[in-house]
Amino acid sequence: MKTNIILVGFMGTGKSATGRLVAKRLERQLIDMDAEIERREGRKIGDIFAKDGERYFRQVEREVVKELCERKNLVVAAGGGVVINPENIHDFSRTGVVVCLSASPSVILQRVAAETHRPLIEGGEKAKKITDLLEIRKPLYDAITHQVDTTHLSSDHTADRVIEIYEKAAKE
Ligand code: S3P
């Protein structure tokens with residue numbers, strides 16, 4: 001039985017905010033993967049990337065995915081790069097309904113502009129980094145069956161859509 005709800009999608013598409021609302025409404029536990037990784041490692045994502053690199057971060061991320069797939073009734077807000085490893089999506093899809101959130105590059109930029117905790121888009125030319133990374137990852141996000149475009153949606157409306165999708169898919 002697929003009991004978990006997993007939100008994937010690029011940085012700034014609303015995974016964490018939507019995850020909080022979905023978890024609250026369905027009275028479920030929310031796991032924000034980035035927060036979980038920081039808790040385990042006892043340091044910030046930026047420090048992990050700076051000291052041990054993206055490869056190490058992806059290994060930790062993979063371990064967290066495996067453990068979450070052993071659990072039930074969770075709402076998971078995944079990190080934006082979780083789609084890079086197809087095994088992550090395979091495991092998530094076996095144990096839950098995976099919903100991909102998307103948004104236009106300009107809205108993503110607006111949402112992440114003032115923030116500094118995402119190592120892959122830091123260090124100048126944020127807009128170019130976002131469009132380049134989005135271009136590379138597009139096929140990976142597009143391959144997810146359930147999609148919600150959050151460009152013009154509030155977190156509340158996004159949460160409505162995610163719950164609708166989950167309730168329909170869980171019956172199938
Ligand atoms: C990443 C997205 C981040 C975080 C890390 C890498 C990515 O999560 O996991 O900085 O590769 O897209 P958010 O999508 O929650 O910002």
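So, in what order do the five strands of the open sheet stand? They go S2-S3-S1-S4-S5, and the pairing is parallel. Strands pair here if DSSP finds at least two bridges between them, and strands (E, at least two residues) and helices (H or I, at least four) are DSSP runs numbered from the N terminus.

Quick housekeeping. This is a predicted model, where local features need pLDDT of at least 70, side-chain atom pairs count only at pLDDT 80 or more, and totals for chains, interfaces and linings use all residues. Residues are numbered from 1 along each chain as its sequence is written, and side-chain values use heavy atoms, with hydrogens and water left out.

Now helix H7, residues 155-171. Which of its residues are buried (under 20% relative accessible area, 1.4 Å probe, protein chains only; exposed is over 50%, partly exposed in between)? They are Thr158, Ala159, Val162, Ile163, Ile165, Tyr166 and Ala169. In general, an α-helix has 3.6 residues a turn, so residues three or four places apart point the same way.

The face turned away from that side carries exposed Lys168 and Lys171. And what covers the buried residues? Among others, S1 (4-9), H1 (15-26), S4 (96-102) and S5 (146-149).

Methods
Contact = heavy atoms within 4.5 Å.
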